[in-house]
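This briefing covers aromatic rings and the charged side chains placed over them. Please look at the structure first, then read the points below.

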Amino acid sequence: MTHLGYHIYMKEVNIEKVFAERLKDLMVERNLNSVELSIKTNIPRTSISNWLLCKRSVNVDALCKFAEFFDVSTDYLLGRED
């Protein structure tokens with residue numbers, strides 16, 4: 001996909017929603033709730049809850065921590081790959 005094509009595609013995708021869905025799925029796979037995920041990743045529970053409810057966009061530091069913790073890519077978490 002061309003650079004321009006990628007930007008057009010991403011405008012059609014709600015990144016916050018995709019991230020929330022992927023994070024929820026990974027939490028279910030690991031049988032984790034937001035409190036447990038918060039403890040294991042050292043990310044505030046309130047931040048996790050806001051991301052799961054699509055109230056805020058995930059920040060780069062948290063995105064990287066989640067990718068490492070769940071052993072997935074940041075692109076996967078953002079819906080840029082399956």
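This is a predicted model: local features need pLDDT of at least 70, side-chain atom pairs count only at pLDDT 80 or more; totals for chains, interfaces and linings use all residues.

A search of the whole structure finds 4 aromatic pairs. One of them joins Trp-51 and Phe-66, with ring centres 5.9 Å apart and 90 degrees between the planes, an edge-to-face arrangement.

- Trp-51 has a relative accessible area of 4% and is buried, because buried means under 20%.
- Phe-66 is also buried, at 0% relative accessibility.
- Ring pairs connect Trp-51 and Phe-66 with Phe-19, and these residues form a cluster.

**Phe-69 and Phe-70**

- Phe-69 and Phe-70 form a pair with ring centres 4.9 Å apart.
- The planes of Phe-69 and Phe-70 meet at 80 degrees, so the pair counts as edge-to-face, a class that requires over 60 degrees.
- Phe-69 is partly exposed, with a relative accessible area of 25%, whereas Phe-70 is buried at 4%.

**Charges over rings**

- Arg-30 lies over the face of Phe-69, at 5.3 Å from the ring centre.
- Arg-22 places its charged end over the ring of Tyr-76, 4.2 Å from the centre of that ring.
- Phe-69 therefore takes part in a ring pair with Phe-70 and also has Arg-30 over its face.

Definitions and conventions
Residues are numbered from 1 along each chain as its sequence is written. Side-chain values use heavy atoms; hydrogens and water are left out. Rings of Phe, Tyr and Trp (its six-membered ring) pair if their centres lie within 6.5 Å; planes under 30 degrees apart count as stacked, over 60 as edge-to-face and the rest as tilted. Buried means under 20% relative accessible area, exposed over 50%, partly exposed in between (1.4 Å probe, protein chains only). A charge sits over a ring if NZ of Lys or CZ of Arg is within 6 Å of the ring centre and within 35 degrees of the ring normal.
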